[in-house]
Amino acid sequence: MSEQNTPIRSVCVYCGSQPGRDPAFMEAGRAFGRSLAENGLRLVYGGGTKGIMGAVASGVLSAGGHVTGIIPEFLVDMEATRHSLGQLNELIITKDMHERKHAMFERSDAFVTLPGGIGTLEEIVEIMTWGQLGRHEKPMVFANVNDFWKPMLELVDHMSASGFIHTAHRVRPMVIDRIEDIVPAIKARWAETEAPEGDPATIAKL
């Protein structure tokens with residue numbers, strides 16, 4: 001694992017707790033995990049050790065990286081096993097989903113969304129909403145593995161064209177097809193942003 005001269009320390013990854021039907025999804029998870037570790041970046045994620053979530057975490061750990069899992073108590077036995085959670089470098093168990101989401105936001109300098117379901121979608125849309133409201137300027141990425149996010153991105157374009165996204169310049173998720181291009185793109189976006197951290201006090205009130 002190499003140390004990088006970058007203000008980015010941790011990347012939050014949203015993704016499915018299931019593997020999905022396309023083997024490319026799991027491979028993308030493992031590959032991105034390795035990419036994070038090789039670039040000296042910590043993983044912050046929802047703590048699951050199954051599906052794509054588990055693939056990302058194992059990718060980071062296999063390459064000598066650091067993993068912080070944040071999971072509410074009620075999901076521990078649904079999305080993970082207590083034994084596998086013990087393999088993480090840091091485990092934070094929260095009382096509910098709201099506390100989990102804020103903890104993930106506070107510990108992350110960028111957000112990457114791999115394929116997933118409703119929960120994954122809800123998490124990245126909330127981060128996009130906070131960006132639209134001007135509460136942060138942290139980089140956001142859709143890892144568009146095999147065009148998985150194409151319908152979602154078309155919907156966002158439709159909303160904008162219909163006049164419902166008036167601050168589109170703040171909702172600037174990057175759409176990246178190749179896993180190996182994500183970390184360089186995040187670093188480049190960060191370099192363009194003057195104040196990426198936003199106002200934590202204001203975020204806490206949302």
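Is cysteine 12 buried or exposed, and what is its relative accessible area? Cysteine 12 is buried, because its relative accessible area is 0%; buried means under 20% relative accessible area, exposed over 50% and partly exposed in between, with a 1.4 Å probe and protein chains only.

The structure is a predicted model, in which local features need pLDDT of at least 70 and side-chain atom pairs count only at pLDDT 80 or more, while totals for chains, interfaces and linings use all residues. Residues are numbered from 1 along each chain as its sequence is written, and side-chain values use heavy atoms, with hydrogens and water left out.

## Cysteines

A disulfide is taken as a pair of cysteine sulfur atoms within 2.5 Å. By this rule the count of disulfides is zero. Cysteine 12 takes part in no disulfide, and the nearest cysteine sulfur, that of cysteine 15, is 9.2 Å away. Cysteine 15 is likewise in no disulfide, and it counts as buried at 7% relative accessibility.

## Strands and crossovers

Helices (H or I, at least four residues) and strands (E, at least two) are DSSP runs, numbered from the N terminus. Two strands pair if DSSP finds at least two bridges between them. Strand 1 (residues 10–14) runs parallel to strand 2 (residues 42–45), and four bridges join them; serine 10 has arginine 42 as its bridge partner in strand 2. Strand 2 in turn runs parallel to strand 3 (residues 67–72), to which three bridges join it. Here the bridge partner of valine 44 is threonine 68, in strand 3.

Strand 1, helix 1 (residues 23–38) and strand 2 make a right-handed β-α-β unit, and strand 2, helix 2 (residues 51–62) and strand 3 make a right-handed β-α-β unit. Right-handed means that, with the strands pointing away from the viewer, the path from the first strand over the helix to the second runs clockwise.

## Nonpolar cores

A nonpolar core is a set of buried Ala, Val, Leu, Ile, Met, Phe, Trp, Tyr and Cys residues joined through side-chain atoms within 4.5 Å. The largest has 39 residues, of which Val11 and Val13 touch the most other members. Leaving aside neighbours within four places in sequence, valine 11 is in contact (heavy atoms within 4.5 Å) with residues including Phe32, Leu43, Val112 and Ile186. Apart from this core lies another, of 20 residues, among them Ile92 and Phe142.

## Aromatic pairs

Rings of Phe, Tyr and Trp (its six-membered ring) pair if their centres lie within 6.5 Å; planes under 30 degrees apart count as stacked, over 60 as edge-to-face and the rest as tilted. The whole structure holds six aromatic pairs, and two of them are tabulated here.

| Pair | Centre distance | Plane angle | Class |
|---|---|---|---|
| Tyrosine 14 and phenylalanine 111 | 6.1 Å | 10° | stacked |
| Phenylalanine 25 and phenylalanine 148 | 5.5 Å | 80° | edge-to-face |

Tyrosine 14 lies in strand 1 and phenylalanine 111 in strand 5 (residues 110–113), 97 residues apart. Tyrosine 14 is buried at 4% relative accessibility, and phenylalanine 111 is buried at 0%. Ring pairs link Tyr14, Phe105, Phe111 and Trp130 into a cluster.

Phenylalanine 25 is in helix 1 and phenylalanine 148 in the loop between strand 6 and helix 7, so their pair ties together parts 123 residues apart in sequence. Phenylalanine 25 is buried at 11%, whereas phenylalanine 148 is partly exposed at 29%.
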